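Subject: Structure handover

Hello,

Here is the structure I promised to pass on. Please open it first, then read my notes below with the model beside you.

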Amino acid sequence: MPVVIYVLAMCVFSMTTSEFMVVGMMPSLAVSLGVSVSSVGYLVSAFAGGVVVGGPILAVLLFKTSNKHALLILASLFCLSQAIGAVAMNYNVMLFSRILSGVVHSAFFGVALSVCASLAGPERIGRASAIVMGGLMVASVIGLPAATWLDQYTSWRMSFWIISGLMLLGIIACATLVPKQPVKSSASLKQEIAALGKGELWAA
């Protein structure tokens, strides 16, 4: 299995940990940002809103970009969003960080699986996809408790810095290991949107 498959799994692990780790550090964030605990809870909703609304828009903007370049752009934006979160001194900056994270998170998953399929080949695509998406499961079991532990014994900012660092490692590895790839599709954007009208897609 290509090493980059495990790198993508690490990126998915990092992103998923970031998505939910706010839940384990709500009291600390409330004190640090000077807001109520319920307001901190909205940071999770902001991330989710970015996924639902912004993700598809970003995917459209990257429609004619090669998988490798799209992967690097998205990973870089997520790395930046975590660094912004780590240095946030007020609620609005943290809110921006969470929205940007959610927008990137959504688009990254699709590009990562596309790269995974092209590198692993048809005979190993199932296993490779399982490894990449396994980062999601590991984040729930290890990433979230680790982030809560860091909040209690060091600082909530440390979790954001670590996630940003992991993403930086992922960027370097992907830039080195992912081969240059052609643009994802020769189809027009109109054709891609029209595909959403297929009943088979919605059934799946």
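Start with Trp149 and Tyr153, which both sit in helix H6 (residues 125-153). They are four residues apart, about one turn of the helix. Keep in mind that this is a predicted model.

How exposed are these two? Trp149 has a relative accessibility of 48%, so it counts as partly exposed. Tyr153 reaches 58% and counts as exposed, because the cut-off for that word is over 50%.

Now move to Trp156 and Phe160. They form an aromatic pair of the edge-to-face kind. The ring centres are 5.8 Å apart, and the planes stand at 85°. Both residues lie in helix H7 (residues 156-177). Here too the spacing is four residues, about one turn of the helix.

Are Trp156 and Phe160 buried or exposed? Trp156 has a relative accessible area of 4%, so it is buried. Phe160 is buried as well, at 0%. The cut-off for buried is under 20%.

How many aromatic pairs does the structure hold? There are two. Trp149 and Tyr153 make a tilted pair, with 5.2 Å from centre to centre and 35° between the planes. A pair of aromatic rings is described by the distance of the centres and the angle of the planes.

Next, the inside of the model.

Take Ser18 in helix H1 (residues 3-21). Its relative accessibility is 0%, so it counts as buried. What does Ser18 touch, once residues up to four places away in sequence are not counted? The list is Phe47, Phe78, Gln82, Arg98 and Ile163. Look also at Ser18 and Ala139. They are 121 residues apart in sequence, yet their C-alpha atoms are 8.9 Å apart in space.

Leaving aside neighbours within four places in sequence, Arg98 is in contact with Ser18, Glu19, Phe20, Val22, Leu43, Ala46, Phe47 and Phe160. Phe160 is also a member of the edge-to-face pair. Arg98 and Phe78 are 20 residues apart in sequence, and 9.7 Å apart from C-alpha to C-alpha.

Stay in helix H5 (residues 91-120) and find His105. It is buried, because its relative accessible area is 8% and the cut-off is under 20%. Which residues does His105 contact, beyond its neighbours within four places in sequence? They are Met15, Thr16, Glu19, Phe47, Val51 and Phe78. Phe47 and Phe78 are also touched by Ser18.

Then go to Ser81 in helix H4 (residues 67-87). Ser81 is buried, with a relative accessible area of 0%. Neighbours within four places aside, its contacts are Ser97, Leu100 and Ser101. Ser81 and Leu100 are 19 residues apart along the chain, and their C-alpha atoms are separated by 6.2 Å.

Now the cysteines.

How many disulfides are there? The count comes to zero. Cys79 is in no disulfide, and the nearest cysteine sulfur, that of Cys11, is 9.9 Å away. Cys79 is buried, with a relative accessible area of 13%. A disulfide needs the two sulfur atoms within 2.5 Å. Cys116 is buried, at 0% relative accessible area.

Last, the surface.

Which residues form the nonpolar patch there? They are Val52, Val53, Ile57 and Leu61. Together they have about 430 Å² of accessible area. Val52 is found in helix H3 (residues 37-61). At 62% relative accessibility, Val52 counts as exposed.

Best wishes

Notes: Residues are numbered from 1 along each chain as its sequence is written. This is a predicted model: local features need pLDDT of at least 70, side-chain atom pairs count only at pLDDT 80 or more; totals for chains, interfaces and linings use all residues. Side-chain values use heavy atoms; hydrogens and water are left out. Helices (H or I, at least four residues) and strands (E, at least two) are DSSP runs, numbered from the N terminus. Buried means under 20% relative accessible area, exposed over 50%, partly exposed in between (1.4 Å probe, protein chains only). Contact means heavy atoms within 4.5 Å. Rings of Phe, Tyr and Trp (its six-membered ring) pair if their centres lie within 6.5 Å; planes under 30 degrees apart count as stacked, over 60 as edge-to-face and the rest as tilted. Patches are made of residues with over 30% relative accessible area and no salt bridge: like charges are joined within 9 Å, nonpolar side chains (Val, Leu, Ile, Met, Phe, Trp, Tyr) within 5 Å. Accessible areas come from the Shrake-Rupley method with a 1.4 Å probe; for residues, only the protein chains shown count as cover. A salt bridge is a side-chain nitrogen of Lys or Arg within 4 Å of a carboxyl oxygen of Asp or Glu.
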